[in-house]
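Subject: Structure handover

Hello,

Please find the structure below. My notes on it follow.

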Amino acid sequence: MQLIPCPWCGPRDDAEFHYGAEAHVVRPAVPADCSDAEWEAYLYLRRNTKGPFAERWMHTNGCRRWFNVIRDTYTHEIFASYKPGEPMPDIAQLTAKKDA
Amino acid sequence: MSRQPNRIAPHATLGGGRIDRSRPLGFRFDGKSYTGYAGDTLASALLANDVHLVGRSFKYHRPRGILGLGAEEPNALIQLARGNRSEPNLRATQIELFDGLDASSQNRWPCLKYDVGAVNSTLHRLFPAGFYYKTFMWPASMWLTYEEVIRNAAGLGKAPEGPDPDRYEHMHTHPDVLIVGAGPAGLAAALAAGRTGARVVLADEQAEFGGSLLSEDDVFIDGKPGPDWVAEVVAELASMPEVTLLPRTCVHAYLDHNYLLAAERVTDHIGAVIPNTPRQRLWKIRAKQVVLAAGTLERPLVFRDNDRPGVMLSTAARGYAVRYGVTAGRKPLIVTGHDDGYRTALAYAARGAQVAAIVDLRPEPSGPLVDAAREKGIDILAGHSVAGAHGGHRVEGVDVAEMTTDGSGLAKVTRRIGCDLVAMCGGFNPTVHLFSQSRGKLRWDAELDAFVPATVHDPKHAPQASVGGCAGTMTIAQAVKDGIKAGLDAARATGSTARQPAAPKVDEPGMGEHRTVWVLPSDKPVGHKGKHFVDFQNDVTAADLNLAAREGYRSIEHVKRYTTTGMGTDQGKTSNVNALAIVAATLGTDIPAVGTTTFRPPYTPTTIGAYGGRNIGKLFDPVRTTAADPWHKAHGAKFEHVGQWMRPWYYPKAGETMRQAVDRECMAARNAVGILDASTLGKIDVRGKDSAEFLNRVYTNAWLKLGIGKCRYGLMLNDAGFVIDDGVTTRLADDRFHMTTTTGGAARVLSHLEEHLQTEWPDLEVYLTSVTEQWSVASICGAKCRELLAELCDDIDLSNDAFPFMAMKEGTVAGIPARVYRISFTGELSFEINVPRRYGMALWEALMAAGEKHGITPYGTEAMHVLRAERGFIIVGQETDGSVTPFDLAMDWIVSKTKTDFIGKRGLFRPDLMLPDRKQLVGLLTENPNEVLPEGAQIVEEVKPQPPMVMLGHVTSSYYSANCGRSIAMALVKGGHGRKGDTLSVPLAGKTIKVTVTDPVFFDLEGSRRDG
């Protein structure tokens, strides 16, 4: 039972959330221009990172807002959460700060 | 009242323990009556009554006695109470005695003393390690029979068969500091943290706080006996408003991000149901900081027949004497490699027992405790081994002999020493379970000969500290000092700036070096004549572990599963480290190389009911009902679940079969008036200036030009191009739409829309609100429905010209403000009357009353399915399965060719989605018009005598249609659109049905009935 920091509601139990897989996968602006391979990549191909990872969560049983989290998929340590549209923080910098 | 032969009078200076001799309690064990005292556990009360034989072992049915003092107990498993309150596998050492307690032993038949299953012990050659996999594997066809017999013969207690009548609650708490364990270290930590004003939760699995201090008579803190210091600390903690004390609460799971679970036994120790009080509480604790002070578990020694009743852990034997005033034996023999064993000898000697001997594994024991034992005149056999124990239902004596210097064999012949209690001390294992559950790594401490916490997994959320015994700290002075520091550090981490209080002065016996001998040498090799038990609960012996290693098992996880060591209700609390050591020795490696098995929650068995809490029965999952639900029930509707909704399925009249009722409903819905409760359809209010653009993007067809008051059917795809939902959406205003979704898809569709609005198109100004529950919908259809509605509605012109198909009008129906939609899922002239939910029943009753003369007939979901199938309308989730495109459904007409993009457009043009032999929607007509195909049946071109055959597709919907006078079916068939007119086969068990491929429209082929 992880503690997920919702950027709008604060830290909440993970039972309130819905997982949304890898973050920053942008729907192509002009899908018609995509090759089959590009569209397949958008639909199905996701990174399967062990370690710090930018991923989406939705506060389903709360504010119902989507947001992004930098979370270590192995230790479950959470480094940051931020609203959609905000730039992805520098993961290397975030994790380095922790080691220092 | 029976006397308690082993209960000793209070000692003049050492006191009489923690029991209340003024409160005798009667209890029963295996039908026999006994008495104990308030403060007893069932185990201490049984020992007070000289009952040592309390169970039969799992595999060999060997007589077993009480081994431990608490959670570690592997033998004394008890079935408590009767009926549906009965609970199996409780440890007698943890059951608090109450008046009228009714306990039974387990795994014996017909009774504990004469157990038929004990024949297994003499047949032990049949039961080596992995006996399941060996003895009973041949012939293979017999396995099921063997398994049934084994399951009956094995097994521990019996689970009750009915529902649990007790109530359980969930509690949520968010302390600054959670302290697990209220022994000396935990109490010190709680006091230090509590004095800062921090919010502290202190939980301990026992009824009384104090931990080991309650079982020692030789520890003084600030000059006071241990229990007196405990009482003072607990009193101070109890006075602190921010401190929550949770006795009888076992913290049994350490999950992510300092989320821990604890089960509190609220009424178990009372033995009665207390009004308005749950039986147990499950505490869900999200702690900022965690201090683990879980203490240690003593290790048994592995020697021949070490399972005889009366052989117990040294600290347990001492605990019974000091804490409960019970001598577990009059002539105890202590076998130890540790000074701590001497404390047991001294405790018994002080209480009048005649200590038979101290068998010390160390060749030259020395130190204050050894000196004290010598002063008492106790016989100390240094450098000796216990070669084996004797006795049946009770230990009678042991064989002892001097060991070789390296401890691998005997140097001299054995001699017998009589005794009625063997107290064994094989050293101490820190209770690292919770630390390990938090994914912390363990380290083998070669000085302690035990695993201790090493590195934490996630420093942000790891336990802030392990202190006391569970950290490998073996003196109380150090445990208290570390506890104070940990408690204060934890409080500081959450913001306190308090100063560290001074540690109290602890006076306790000094301890010297210990010696560990993993298997005590004997005059016969391991596995010959008698058994060296390692795991008492699962009857795993040293020989079994040797065998597993010899058979090639290397991973300790495999050894565990093959031999079953460390499994069962105690999860190897006493056996794991001994087992590791024996496996390591057999493999010729060291213990750290073997590693440990994974510690998983729960630490001790926890009642499933506690996890369920109040979320059972009606509260397990909500049931959604419509406003007219009482009418449906009163009129005999049969219901079906659609998601959480309860929908009328059909309304049988007296004597009608389902088929008869559905046929009648289908006929009436076309030829007279049918009425359907359509309230469950998902409804989403779409508002904002970009609403039309938004719909344009989420549906396949065009929405920008839809007029106000007009309706349009929409098909929703995902970006892969597959159909995910459909429904009719109506424009209420320039910037406002009323969207409907499938009943089961409402929540999913709302999430799908919200996701795109928030993450892909935040620039669109659109607001979505679920209004499913706000509207009650009665859908009327059939030849007479316009006439019926006209009677109840005088402010809407219902003519086709004024109120055409796919339009919505606002007006009044039966005096109720209503939105009336001219949309149709049956192909008939149809009106869907939407009213605010609170008027739903009134509308329904008004329609039924006015419709009577027209033969109004309520129909359920089954008739609805038939009626729509007659017209070839799809149901998403029935004709589609997440892999079906609009083109597969021959719904090309709804896919816009002019829109540059919508969700799913690009997906539709992926190569595989354009193949000609995709499964496509068709109709099927059986040769015999009365034959109804089973839904899901496979369709083939060429029937072979037996599978495999080439499958072309499957039947998605199939009914008998009274309106068509024959059966009809829809199916997804490979290349189906090009197979119209072909004959295919549906092979079923025992017969094959020939079918003709058709268009999926069976009734009113011209679609002329929708305008009445």
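Which residue is the bridge partner of B:Asp399 in β25(B)? The partner is B:Arg416.

First, the basis of these notes. The model is predicted, and local features need pLDDT of at least 70, side-chain atom pairs count only at pLDDT 80 or more, and totals for chains, interfaces and linings use all residues. Residues are numbered from 1 along each chain as its sequence is written, chains are lettered from A and ligands numbered from 1 in the order in which they are written, and side-chain values use heavy atoms, with hydrogens and water left out.

The sheet: β23, β24 and β25 of chain B form, in that order, an open antiparallel sheet of 3 strands. Strands are DSSP runs of E, at least two residues, and helices are runs of H or I, at least four, numbered from the N terminus; two strands pair if DSSP finds at least two bridges between them. β23 (384-391) and β25 (415-418) of chain B each have a single partner strand, so one side of each lacks a neighbour in the sheet. From one strand to the next the twist averages 30°, with axes fitted to C-alpha atoms (for helices over the stretch in contact) and angles running from 0 to 180 degrees between N-to-C directions. β24 (residues 395-402) of chain B pairs with β25(B) over 4 bridges.

The helices: α5 (residues 184-195) and α11 (residues 476-493) of chain B pack at about 35°, their axes 7 Å apart.

Regards
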